Amino acid sequence: MADYAGAEAAILARLQAGWTTTRITYQNETPADPWPPVIAAPTPEDPDATILAPWVNLEIECFSAPIIGQGRPGNHVYRYDGLIEVHVFTPVGTGTALGKEYAVAIGEIFRRKKFYDQTPGCYVRTEDPYPAAGNSRSDDGNWFGTTMTCPFAYWHRG
């Protein structure tokens, strides 16, 4: 039986299937090592040198879940309204272009899609994504963040 938790899992699965360019982190989960993510950048002086690598973090927020259609118990229509936010983190000092490029590409994974629709009357429908302006206010000062935001609704008949 479909439910809101399954809808969030479907959003995560969609991102995982469509985005393999960087590591993905999730709310309330400890990222796998190595953390922070790095890529090899050997030099003649230091063949083991690394530099910070971009990564993304998925957040899903639900703001309301009203009944929007009447019916018998077990046949009400609910609409869960929320936002998919994917925060793209690039190393400070590398400019804004890569973060915007990644945010736009991730947005296209979600643009006006319908999925998680195996149960009749239950599905996720997304709207138009947009990349927000970035900022360099990370906890440790090493990252510049650009956020892709995409409104969504999870429709549930139950």
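**Start at Arg112**

Select Arg112 first: with a relative accessibility of 55%, Arg112 counts as exposed, because the cut-off for exposed is over 50%. This is a predicted model. Arg112 sits in the loop that runs between H2 and strand E7 (114-115). Display its backbone and check phi, which is near 45°, a positive value in a residue other than glycine.

**Zoom out**

Show the whole protein as a cartoon. There are 2 helices and 10 strands to find. Followed along the sequence, they come in the pattern α-β-β-β-β-β-β-α-β-β-β-β. Along the principal axes, the C-alpha atoms fill a box of roughly 75 × 30 × 25 Å.

Of the 158 residues, 38% count as buried. Among contacts with a separation of 6 or more, 63% are between residues 24 or more positions apart.

**Helix H2**

Select residues 97-110, which form helix H2. How far apart are the end C-alpha atoms of H2? They are 21 Å apart, and this agrees with the 20 Å that its 14 residues should span at 1.5 Å a residue.

Now colour Gly99, Tyr102, Ala103, Ile106, Gly107, Ile109 and Phe110, the buried residues of H2. Look down the helix axis: these buried residues fall within an arc of 145°, so they line one face of the helix. On the face turned away from the buried side are the exposed residues Ala97 and Glu101.

What covers the buried residues of H2? The cover includes H1, E4, E6, strand E8 (123-126), strand E9 (130-131) and E10.

**The nonpolar core**

In soluble globular proteins, nonpolar side chains tend to be buried together. Here, the largest nonpolar core has 28 residues. Select Leu15, Ile84, Ile106, Phe110 and Tyr154, the residues with the most contacts inside this core. Two or more residues each come from helix H1 (4-18), strand E1 (23-26), strand E4 (55-64), strand E6 (77-91), helix H2 (97-110) and strand E10 (143-157).

Centre the view on Ile106. Apart from residues up to four places away in sequence, Ile106 touches Leu15, Trp19, Val56, Val86, Val88 and Met148.

Is Tyr102 buried or exposed? Its relative accessible area is 13%, so Tyr102 is buried. Leaving out neighbours within four places in sequence, show what Tyr102 contacts: Trp19, Thr21, Thr22, Pro54 and Val88. Then draw a distance from the C-alpha atom of Tyr102 to that of Thr146, which gives 8.8 Å between residues 44 apart along the chain.

**Thr22**

From Tyr102, move to its contact Thr22. Thr22 is placed in the loop between H1 and E1. With 12% relative accessibility, Thr22 counts as buried. Show side chains here: a polar contact of 2.8 Å joins those of Thr22 and Trp19. Beyond the neighbours within four places in sequence, Thr22 is in contact with Pro54, Trp55, Val56 and Tyr102.

**Two cis peptide bonds**

Go on to the loop between E1 and strand E2 (38-40), where Pro34 lies. The peptide bond from Asp33 to Pro34 is cis, with omega near 0°. Pro36 is found in the loop between E1 and E2 as well. Select Trp35 with Pro36: a cis peptide bond joins them, and omega is about 0°.

**Last stop: Tyr116**

Select Tyr116, in the loop between E7 and E8. Tyr116 is buried, with a relative accessible area of 17%.

Key. Residues numbered from 1 in each chain as written. Predicted model: local features only at pLDDT ≥ 70, side-chain atom pairs only at ≥ 80, totals over all residues. Heavy atoms only, no water. Core = buried A, V, L, I, M, F, W, Y, C linked by side-chain atoms within 4.5 Å. Buried < 20%, exposed > 50% of the residue type's maximum accessible area, 1.4 Å probe, protein only. Helix = DSSP H or I, 4+ residues; strand = E, 2+ residues; numbered from the N terminus. Contact = heavy atoms within 4.5 Å. Expected span 1.5 Å × (residues − 1). Arc of directions from axis to C-beta. Polar contact = N/O pair within 3.5 Å; in protein donor to acceptor, adjacent residues only side chain to side chain.
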